[in-house]
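Take a walk through this fold, from the whole chain down to single residues. The sequence and the model come first.

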Amino acid sequence: MFAASALLVLAALAGGLAPPLALALAAGSLGGWAGVGLVPSLRAGGPDGVRHFFIERPRPEPPGFQPRPEHAPLLTQAPRPPRPSAAHGLLRGEDVLLFTFESVGQCHLDAVSPGGARAPFLEGLWPRALRSRHHACVSPTTNNAHRALYTSGYGEGPSASLGALREAGYRTVYLTTARTADYGLREILDAAGFSHVIDREDLETPGEGAPSDQVLLTRGLERLAAVLAGHRPLLLHVHATHTHVPYRVAEPERFHRFDMAEDRGRFFNGIEEGDWLFGALRDGLRERGLVEEPLVVLSSDHGQAFGALGYQSHGSAVTREELDVPLVMHHPRLPAREVAFSSHFDVMPTVVDLLGLGHDTPVWGESLLHEDRRPELLVWAGHPSRRTTSHYGLLLRGEKLMVDLTLGRCLRMDWGEEHVETVEGAEKEYLEALVSRLMSLRGVT
């Protein structure tokens, strides 16, 4: 109806219809649009056209809600300053390379799910690294994941961890071929406190179109060398882009194990190309003398859904495909170890701990080197089409609760989603109220 209205107005402007007639028809069409899509439905339950997608849904928070004893501690948890672990200062003064894929979940990797993308660089680090069996991105959109990574919290603003690095003499640099001014990412980077941002504006050549990630190996390294001018130490965050929709492969003659005619095939080929790129970047940084023996942190901003539990893309759900991403931390002096769980909140506290630094700002994350870490974590899908999210959940010890206000369902499952249970009745009302209360307490919209 909206498209028809626009065409009628264009037809009037082109002289194809009398303006009064066209405007009358357009008004009628828009009225139908409003009536069908935006006016509240008289039907009880179920999706209702455009309104169902755009209109915000109130979270179920009944007055006087009381949690059960096993859940009561969740409502009193609070952030706290990072604690030094027994490994505090193990990598004091070392450079840090933070490599993040775009949209890659652990389940997309052959090392985790046979048949997935092969990632020799990542897989080579895996058995020799501090790694996580289940690493949650907290919220599967690029901006939310970046905020969670830098601030180790649910809000936005400066990164206390990056501040501690800068005070210790680190140069903090973000490198990507994306245009960070798009969609508000640059504001997040500036607020976090990066000293330099190198993006498409610095790397593209006029008339050549959007640069591929391979440009990071040439103009990217050249620009980085100019920015650093011999300064050490360095924290460099490199964010790859090709595995974002519509999934690009810069060298299809090299990376073509999967069908390039299919979205999933291009996505998997893009993962394999991105993995190669990270290895080549590490080697290129060493060859240019920009780093020596860095702490390599390899992860992803979030995952990507291809239909599990009925969800697609990212920012739509807290499913394993979108939420559970890889995390490895490798340095020759860092003992290999697997932790059962972690989140983006924990990444920078672990880096700061290993570098022997600290700060007094309360955060929700903890160094992965602590044995007494707790797994409870509020997660949410994000809100790409509305001001508030309608999909959120809670990670408990080995269990995940999912609330989907759009579909009107509540699910209980294990972290791997091998056993999924639909919750109904009074139990559904209780769990929805519990997770909704946590959303309010954490200040998540």
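How many helices and strands does the protein have? There are 13 helices and 18 strands. Keep in mind that this is a predicted model. The protein has 445 residues, and 54% of them count as buried.

Start with helix α5, residues 142-151. Is this helix mostly covered or mostly uncovered? It is mostly covered, with 10 of its 10 residues buried. What lies over them? Just after α5 comes Ser 152, which takes a positive phi of about 55°.

Now look at α12 as a partner of α5. Two packed helices are described by the angle between their axes and the distance between the axes. For α5 and α12, the angle is about 35° and the axes are 6 Å apart. The crossing is right-handed. On the α5 side, Ala 145, Ala 148 and Leu 149 make the contact. They meet His 344, Phe 345, Val 347 and Met 348 of α12. Six residues of this contact are nonpolar, one is polar and none is charged.

Helix α12 (residues 344-354) also meets helix α6 (residues 160-167). Their axes come within 9 Å and cross at roughly 25°. An angle under 35 degrees counts as roughly parallel, and α6 and α12 are therefore roughly parallel to each other. In which hand does α6 pass α12? The crossing is left-handed. Ser 161, Leu 162 and Leu 165 of α6 make the contact with Met 348, Pro 349 and Val 352 of α12. This contact has five nonpolar residues, one polar residue and no charged residue. Met 348 takes part in the contact with α5 and in the contact with α6.

Next, move to helix α10, residues 263-287, and find Phe 267 there. Phe 267 has a relative accessible area of 0%, so this residue is buried. What does Phe 267 touch, beyond residues up to four places away in sequence? Its contacts are Ser 103, Val 104, His 108, Thr 243, Tyr 247, Gln 304 and Phe 306. Tyr 247 lies 20 residues from Phe 267 along the chain, yet their C-alpha atoms are separated by 5.3 Å.

Glu 417 lies between β17 (409-414) and β18 (420-423). Why does Glu 417 count as buried? Its relative accessible area is 15%, and buried means under 20%. Leaving aside neighbours within four places in sequence, Glu 417 is in contact with Leu 309, Val 318, Thr 319, Arg 320 and Lys 400.

Finish with the cysteines. The structure holds zero disulfides. Cys 107 counts as buried, at 14% relative accessibility. Cys 137 is buried too, at 0%.

Conventions. Residues numbered from 1 in each chain as written. Predicted model: local features only at pLDDT ≥ 70, side-chain atom pairs only at ≥ 80, totals over all residues. Heavy atoms only, no water. Axes fitted to C-alpha atoms, helices over the stretch in contact; angles between N-to-C directions. Helix = DSSP H or I, 4+ residues; strand = E, 2+ residues; numbered from the N terminus. Parallel < 35°, antiparallel > 145°, perpendicular 65-115°, else oblique. Left-handed = near helix turned anticlockwise from the far one by under 90°. Contact = heavy atoms within 4.5 Å. Nonpolar A, V, L, I, M, F, W, Y, C, P; charged D, E, K, R; others polar. Disulfide = S-S within 2.5 Å. Buried < 20%, exposed > 50% of the residue type's maximum accessible area, 1.4 Å probe, protein only.
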